[in-house]
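Dear colleague,

Please find below the structure that I am handing over to you. My notes on it follow.

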Amino acid sequence: MAKVTKSFVCQNCGAATSKWAGKCESCGEWNTIVEEAPRENLPKGVSGGKGGRKIEFVDLRGVAALPPRRTTHIGELDRVCGGGLVEGSAILVGGDPGIGKSTLLLQATALLGKDAACVYITGEEAVDQVRLRAKRLGMETSPVQLAAATNVRDIVASMEAGHPPDVVVIDSIQTMYSDSIDSAPGTVTQVRTCAHELIRVAKKRGFTLFLVGHVTKEGTLAGPRVLEHMVDTVLYFEGDRGHQFRILRAVKNRFGPTDEIGVFEMTDAGLKEVLNPSALFLAERRGNVSGSCVFAGIEGTRPVLVEIQALVAPSSLGTPRRAAVGWDMARLNMILAVLEARAGLAFGGHDIYLNVAGGLRIQEPAADLAVAAALVSAFSGDPVPADTVVFGEIGLSGEIRAVAQRDLRLKEATKLGFQQAWVPRTARKAGAKGADKKPEEPKGTIALKDMGHVQDVVSQFSNAASAIQDGAFRRGGGH
Ligand code: TYD
Ligand code: MG
């Protein structure tokens, strides 16, 4: 037997060493060196191209066949996968422990079981536990094949024998191990080797493979992101455990768009699809309260209206507190700085809290204007009119910039009964050649208020505007 030597490889530059070190000698990065499979397990190098076979080239112009899709009977899951499952593809479902990954995949396989051969392999629970859960979900009659197994060699052998299944779920990849490697399950080498083996057999046998992966405290999948490049689709299941909403987000998809989201609600009987997320995110909103503003956002291909809440209160601390939930902290600080420098609001000496209601996380800069409106409203004590939606990006000089998919946002707002929208001023007045032609405004009754600068936002709040004029806006609160 060949001597097995350990090999440590820098994940940044690929340099190999024989022992672990905190810092990579060749690129200088810290904490990038991980133990990898011994060389002997890897394919031998191609020495001089001898003995290689000639590969067949085909013309790029040929007609490509679209991969056939299998519906999971869960619309939100289909959407996030790009319109259904693709044969032979591997889908990684990541998320915090307890967020509902097993529940989602058990529901999906139970529904898929109606017209496909499904296999659910669990390395975390006993078969009876899965049965009990299926019963709780009301899906105990579905013909899904269950197994409790963790040895990948056994799993691969079972998949290669007989008629292949259509869908296989591995829950979770961190509990799987390959006996050809002597490191513990869940380590980088194990996770990578097991995933590689399973993906290979999925491609060969043409079944769709779901891999469940737990996110570690650092927010990466254990076996730091080693799986993301190996699979075709990466979905993250997110949400606050305190909230019942769960969001399934596609962050990579070789067979569809990314940034698509699916919205679910965790109930006593499992996950329920939320077909109208806007209505749900706005359900608990109280009208005419200061510091609240509705943002018309886009998640993937879908418009989503969500409430942004701000609280501005005089601080007793030397360094006032700034906190944001569901929104980037750096972006909040930038907007505060713009409001201070370009609109004369003095937020210094105030604690500031920002929250995106419902547990959604917003990444779009298009929410800047809504964040600013919520902040100014909280600061002045004047509410944003309850029937108003807001969107627009804010630049450092205080200008409001146009954002994509204006019509879609307005259409959704109109559908939900909003009467007014604060939107970026468009280039239509320029009239110069080459300027964008006037965008088609959606039909409906929504009244548009153009915003060109953050000062236009501030002037919507009478308390804020008059207080700045008086120079008396040091204490905030408005009244
Ligand atoms: P689970 O799918 O086990 O999470 P993961 O596989 O991501 O670790 O979900 C567990 C949580 O979901 C648990 O806290 C209980 C809750 N839950 C419900 O609220 N309703 C249900 O019908 C089920 C099955 C679970
Ligand atoms: Mg689980």
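By class, the shell around ligand 1 in this predicted model consists of 5 nonpolar, 6 polar and 5 charged residues. Here Ala, Val, Leu, Ile, Met, Phe, Trp, Tyr, Cys and Pro count as nonpolar, Asp, Glu, Lys and Arg as charged, and the others, Gly among them, as polar. Ligand 1 is surrounded by 16 residues, each with a heavy atom within 4 Å of it; the closest are G98, S102, T103, T267 and G270.

Residues are numbered from 1 along each chain as its sequence is written, while chains are lettered from A and ligands numbered from 1 in the order in which they are written. Local features need pLDDT of at least 70, side-chain atom pairs count only at pLDDT 80 or more, totals for chains, interfaces and linings use all residues, and side-chain values use heavy atoms, with hydrogens and water left out.

Helices (H or I, at least four residues) and strands (E, at least two) are DSSP runs, numbered from the N terminus. At least two shell residues come from each of α2 (101-112), α3 (127-136) and β13 (261-267), and α2 gives the largest share, 3 residues.

An oxygen atom of ligand 1 lies 2.6 Å from a side-chain N or O atom of S102. Backbone N or O atoms also lie by ligand oxygen atoms, at 2.8 Å for K101 and 3.0 Å for G100. Of the 560 Å² of accessible area that ligand 1 has on its own, the protein covers 77% (Shrake-Rupley method, 1.4 Å probe).

Yours sincerely

Technical notes:
Polar contact = N/O pair within 3.5 Å; in protein donor to acceptor, adjacent residues only side chain to side chain.
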